Amino acid sequence: MRMTSTIRTRWSPQRDKATPHHRRAAKAAAAVAAGALALSLTACGGDGDGSGGTEGNTEETANNVTLPKLDGTSLEIAAVWSGAEQANFKKVLAEFEKRTGAKVTFVPAQDPIINFIGSKVAGGQPPDIVMLPQPGAIKQAVDRGWAKPLGAEALKELGENYSQGWQDIGKVGGKQYGVYYKAANKSLIWYNNQVFENAGASEPETWPDLLKTAQTVYDSGVTPFSVGGAEGWTLTDWFENVYLSQAGPEKYDQLAKHEIKWTDPSVKDALTTLAQVWGKANYVAGGANGALQTDFPASVTQVFTGGDQPKAAMVAAGDFAQVNIPTTMKVGTDAKVFPFPAVGDTGPVVSGGDAAVILQDSKGAQALATWLASPDAAQIQAKLGGYLSPNKNVPNSAYPNAVQQRIAKALIDAGDDFRFDMSDQAPQAFGGTPGKGEWKILQDFLKNPKDIAGTQQKLETEAAAAYGG
């Protein structure tokens, strides 16, 4: 289960005034918005659990999209999703089969997904559609002649259901190639409420507050943080949350485009800040070596198992972490969440996205892309939990608990005013490949957080090669 795709979102109530070319929200507005999100994530009642149950969501699947009859048509769709995420998505595909008569096969993909797709193309058997978790990957698929533009029906669904900004990040050269089916707010820290209560700890609002909370938890006898360091993308999320909040959106944009170097003082500041957690003895479950052997699902599970003595009290993870929270722990009561604390003037808000991209153009593939752009499809998976849609016409009531309902509302209310994950904007060799580039370098930094200058130089060397200078 991999969640690399991330959107940096400046939560703004002025959604109608935002444009995709003016995404730099004023600091004051961002501060108010971050506060609003903080309020939305607190006092969430325990009206749901990590099972992704659909209590209170018993209405029939909506029927708002027109699809053709596709009897006898066979389609393949590839994604890196596994476990509950894959199982839930297959229910969305099953409804498409029911409505059209087509047969859809889910093809499990591996990272880096561009390499996976390349091998399928070379073998003459590309899937009809692939779910790409990086805008950079969409561009690569277009540049290599693999991706096909969306047709009129899919464009119609996008126009009706998505803000302009969400449409634009699926475009290359002015043409629409991607349908952003899935989003994920990743500027969240989940915590074991019993541990916090036992320790007398409170939800932090700033980075210094987070360090104080961590010490309070540590003094109570529980390790503060769980880190899924076996998957490098979790570490880029830590870095990007800190960097966006501390350095600000302009610097963030510049670093994302490699217009400034990774040896810039702003990167040094962010790594120094990260080292206050990663380099603190006994603050990370299992230490650096243990974290580097912990995958993402386990990093969540170990916070919410073990009674009042879990392996860790907190984990920085997106809303999708709910599928890994044991069903014995009620979301909003036992498993709680707070926004990633502000390191600079404002707190970051991070979300993620996976886009459906057509590789084999056909009536069936276009219909499946149209289906994934519809609120009908997203509503099915929303009810199952661990999922967030950028589709503005998905009823908020479709989400299974108050935590997700409020996170979803915040995402939609943001309109066009967002930023996409930095590593996902980078060439995949730097920002999206296991064991290489930023992922590997940050894993090495987790192991040796004193080597800030060396880490910066390695990041710059790899970035320069990947960006072409």
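Modeller: We can go through the sheet, some strands and a few helices.

Colleague: What kind of model is this, and how are residues numbered?
Modeller: This is a predicted model, in which local features need pLDDT of at least 70, side-chain atom pairs count only at pLDDT 80 or more, and totals for chains, interfaces and linings use all residues. Residues are numbered from 1 along each chain as its sequence is written, and side-chain values use heavy atoms, with hydrogens and water left out.

Colleague: Which strands form the open sheet, and in what order?
Modeller: The order is β4-β3-β5-β15-β8, five strands with mixed pairing. Strands here are DSSP runs of E with at least two residues, helices are runs of H or I with at least four, and both are numbered from the N terminus. Two strands pair if DSSP finds at least two bridges between them.

Colleague: Which strands stand at the edges?
Modeller: β4 (103-108) and β8 (178-183) do; each has a single partner strand, so one side of each is left without a neighbour in the sheet. On average, neighbouring strands in this sheet are turned by 25° against each other, direction ignored. Axes are lines fitted to C-alpha atoms, for helices over the stretch in contact, and angles run from 0 to 180 degrees between N-to-C directions.

Colleague: How do β3 and β5 run, parallel or antiparallel?
Modeller: β3 (residues 74-79) and β5 (residues 129-132) run parallel, joined by two bridges. A78 has V130 of β5 as its bridge partner.

Colleague: And β8, what does it pair with?
Modeller: β8 pairs with β15 (residues 353-358) in the antiparallel sense, over five bridges. V179 stands opposite A356 in β15. Six of the six residues of β8 are buried, so the strand is largely enclosed by the rest of the structure. Buried means under 20% relative accessible area, exposed over 50%, and partly exposed in between (1.4 Å probe, protein chains only).

Colleague: Change of topic. Which way do the residues of β9 point?
Modeller: L188, W190 and N192 point one way and I189 and Y191 the other, and all are buried. In β9 (residues 188-192) that is five of the five residues, so the strand is largely enclosed by the rest of the structure.

Colleague: Which strands does β9 pair with?
Modeller: β9 pairs with β13 (residues 335-339) over five bridges in the antiparallel sense, and Y191 is partnered by K336 there. β9 also pairs with β11 (residues 314-316), again antiparallel, over three bridges. The partner of W190 in β11 is V315.

Colleague: Now the helices. How many residues of α19 are buried?
Modeller: Eight of the eleven residues of α19 (residues 437-447) are buried, among them W439, L442 and F445.

Colleague: At what angle do α9 and α19 pack?
Modeller: The angle is about 80°, with the axes 8 Å apart. That makes α9 roughly perpendicular to α19 (65 to 115 degrees; under 35 is roughly parallel, over 145 roughly antiparallel, the rest oblique).

Colleague: Which residues meet there?
Modeller: From α9, G232, W233, L235, T236, F239 and E240 meet E438, W439, L442, Q443 and L446 in α19. Contact means heavy atoms within 4.5 Å. As for α9 itself, 14 of its 16 residues are buried, and just after α9, G248 takes a positive phi of about 95°.

Colleague: Last one: is Q456 buried or exposed?
Modeller: Q456 has 6% relative accessibility, so Q456 counts as buried. Q456 is in helix α20. Leaving aside neighbours within four places in sequence, Q456 is in contact with W262, T263, D264, V267, K268 and L271.
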